[in-house]
Amino acid sequence: MDEKPRTEQSKDVLITSVRPDADVLIADAIRERFGAAVNEFRGEISLVLAPGQLQEVVRTLRDEFAFDFLSSLTASDYWPELEPRFHVVYQLYSHPHNTRLCLRVPVNDRSPVVPTVESVWPVANWHEREVFDMFGIRFEGHSDLRRILMPYDWEGHPLRKDYPLGYEEPQFTFNFEDIQIRKHRGRYEEA
Amino acid sequence: MKKPNTVESYLRHTKMFTQTEVSFDELRHLVSDRALTGETVLLNMGPQHPSTHGVLRLLLELDGETVINCIPDIGFLHTGIEKNMEAKTYLKAEVMTDRMDYLNTVGNNLVYCLAIEKLAELDVPPRAQGVRLILVELQRIASHLVWLGTHALDLAAMSLFLYCFREREMILNILEMCSGQRMMTTYIRPGGLWRDTPVEFEDAVRQFLRLFPPRIDQYEAMLTKNPIFMDRTKKIGVIAAEEAVKWGLTGPSLRASGVAYDLRKVSPYLGYEQYEFDVPVLQGGDVYARYQVRMEEMRQSVRIIQQALDKLPYGPVRSENRKYVPPPRSELSTSMEAVIHHFKLWTEGFLLPEGAVYVPVESPRGELGCYLESDGGPKPHRVHFRTPSFVHLQALPLLSKGHLVADLVAIIGSVDIVLGDADR
């Protein structure tokens with residue numbers, strides 16, 4: 001333990017084969033096997049998958065293509081479009097290949113459910129809780145799907161596009177009554 | 001479909017799954033059976049606790065003084081930055097990025113600007129790149145100094161705190177010199193910098209570089225061979241390389257476990273590939289190894305700044321692409337085009353092409369990633385920050401299992417969390 005910090009001049013001790021086109025090859029392999037759509041934008045490769053395929057694809061990616069690291073997991077809301085309404089976005093990284101890959105899973109408004117990837121990368125646990133908290137997307141099979149950032153009794157999911165930013169509505173003559181009633185109720189009924 | 005304008009009307013018009021009550025049953029699966037019989041004690045630590053480095057609440061299940069389970073509870077500093085950014089133009093939204101990780105403000109600006117530049121394919125002049133790199137590395141040292149001071153303070157080494165903040169002050173003075181602000185600088189802008197550095201910048205940085213390396217030796221003299229410090233940190237909070245990767249650790253915490261993953265090396269940005277520096281990697285995986293890695297990182301940062309300052313070219317600090325970068329003030333009185341660009345940029349803001357990018361950078365704590373999605377309009381459609389503190393907190397139960405409560409304090413300090421970074 002007392003040894004001097006070992007320093008690395010090389011890029012990475014774990015990198016065994018660095019091919020600049022590794023992500024393209026991997027994406028092609030996944031497209032052929034699972035029929036996923038492949039998009040390229042600004043040098044980033046993304047695969048579009050159906051929720052049903054997700055479990056199998058991520059297992060393949062981890063075990064065969066060494067994507068050992070889930071870098072980020074988030075979602076995006078395309079409201080008022082409803083089918084699909086959300087995209088769940090996974091950013092994967094492979095330490096051995098030094099390459100990144102993006103997975104996008106479209107989810108409908110009616111039943112926003114995606115299988116969990118917690119069993120593949122444990123780090124997904126909190127990321128999925130955050131997406132559930134912010135978007136109301138349920139992760140099937142998740143061990144601990146509670147809110148994480150918002151208070152436990154919060155209603156609604158704030159990062160949905162139809163969720164308002166939460167400013168106070170200005171009171172004009174045309175909506176005077178409307179707001180007055182609401183103010184009243186807030187003050188007396190809930191107390 | 002019309003967007004409801006208040007939260008209340010939204011809730012009246014939508015019927016969605018909501019969770020309204022939480023009881024002990026909700027947490028039942030997270031604690032052991034012994035908690036039910038009263039054999040172990042459930043104890044709250046935080047959210048107002050000096051050693052949790054911010055508003056972090058830990059629900060501890062204790063057997064005597066040994067931690068059986070640790071359930072982190074975050075969100076006390078949640079300010080809805082991602083939601084707010086969706087309602088602002090790209091330039092205005094940048095101000096909020098400073099407020100996330102308040103020890104790495106320049107780095108937060110950087111990752112956001114890099115994402116915009118990648119999406120817009122915007123060029124950045126070499127001088128701006130150099131100044132950005134110097135400031136980011138200075139900020140890394142400043143962040144490590146705060147970490148070192150508070151970490152040592154948790155372990156009862158009080159005097160170090162004062163020394164660390166003395167040196168940090170020099171860095172904050174440099175930031176103030178450049179941007180007028182000590183912490184929330186917003187100095188890095190899409191396409192370059194807000195303005196060029198003042199003339200005294202170079203001397204100030206050189207003076208810091210002259211003074212600082214001997215000071216690191218002083219800190220090390222106080223801690224590295226200190227028997228109390230070694231007893232408190234060695235073999236505490238050990239995590240193996242494979243586990244660390246699985247649980248998403250990055251940055252110094254990962255490198256202390258033996259994985260040489262540094263984004264400055266594996267996917268260089270800002271021209272890091274031009275500079276010579278080493279990435280310290282240790283095998284211990286404990287609190288002491290994390291300490292050693294960070295101390296060495298400060299030395300390496302000094303090396304990088306030295307080289308960057310020697311190479312720093314003269315020239316413009318902002319891109320000439322007027323669709324994204326405002327024209328200089330002097331042009332406004334002579335060029336009609338400049339007036340139009342200025343007006344467009346300060347009213348509507350710039351439009352980014354439709355698409356999504358993910359840009360990771362190496363923050364002092366680990367991988368800081370920005371997922372930026374544009375729908376072609378002047379405001380971001382979705383911004384998400386993958387913050388290292390959020391991910392590292394998740395590994396806290398794993399690190400602290402079986403240790404004493406006093407060691408838990410050392411472990412929290414060693415993963416270097418910032419709650420503003422975790423909650424956003």
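The model is predicted, so local features need pLDDT of at least 70 and side-chain atom pairs count only at pLDDT 80 or more, while totals for chains, interfaces and linings use all residues. Residues are numbered from 1 along each chain as its sequence is written, and chains are lettered from A and ligands numbered from 1 in the order in which they are written.

In chain A, 5 strands make up an open sheet with mixed pairing, in the order β2-β3-β6-β5-β4. Strands here are DSSP runs of E with at least two residues, helices are runs of H or I with at least four, and both are numbered from the N terminus. Two strands pair if DSSP finds at least two bridges between them. At the edges sit β2 (37-41) and β4 (69-77) of chain A, each pairing on one side only. From one strand to the next, the twist averages 25°; angles run from 0 to 180 degrees between N-to-C directions, and axes are lines fitted to C-alpha atoms, for helices over the stretch in contact.

Both senses of pairing turn up. Strand β3 (residues 44-48) of chain A runs parallel to β6 (residues 99-107) of chain A, with 3 bridges between them, and A:S46 has A:C102 of β6(A) as its bridge partner. On the antiparallel side, β4(A) is joined to β5 (residues 86-94) of chain A by 8 bridges, with A:A75 opposite A:V88 in β5(A). Helix α1 (residues 22-34) of chain A lies across β2, β3 and β6 of chain A, at about 35° to β6(A).

Most residues other than glycine have a negative phi, and most peptide bonds are trans. The loop between β4 and β5 of chain A holds A:P80 and also A:P84. The bond from A:W79 to A:P80 is cis, with omega near 10°, and the one joining A:E83 and A:P84 is cis with omega about -5°. A:A66, in the loop between α2 (51-65) and β4 of chain A, has a positive phi near 60°; A:A66 counts as partly exposed because it has 18 C-beta neighbours inside 10 Å. In chain B, phi of B:K235 is likewise positive, at about 60°. B:K235 sits in the loop between α10 (227-233) and α11 (241-246) of chain B and is partly exposed, with 15 other C-beta atoms within 10 Å.

Also in chain B, the axes of α7 (residues 126-154) and α14 (residues 287-311) come within 9 Å and cross at roughly 160°. The two helices are therefore roughly antiparallel (the label for angles over 145 degrees; under 35 is roughly parallel, 65 to 115 roughly perpendicular and the rest oblique). Residues making the contact include B:L133, B:I141 and B:W147 of α7(B) and B:M298, B:I305 and B:L309 of α14(B), where contact needs C-beta atoms, placed from the backbone, within 7 Å.

How values were computed. Two residues are in contact if their C-beta atoms, placed from the backbone, lie within 7 Å. A residue is buried if 20 or more other C-beta atoms lie within 10 Å of its own, exposed if 12 or fewer, and partly exposed in between; C-beta atoms are placed from the backbone.
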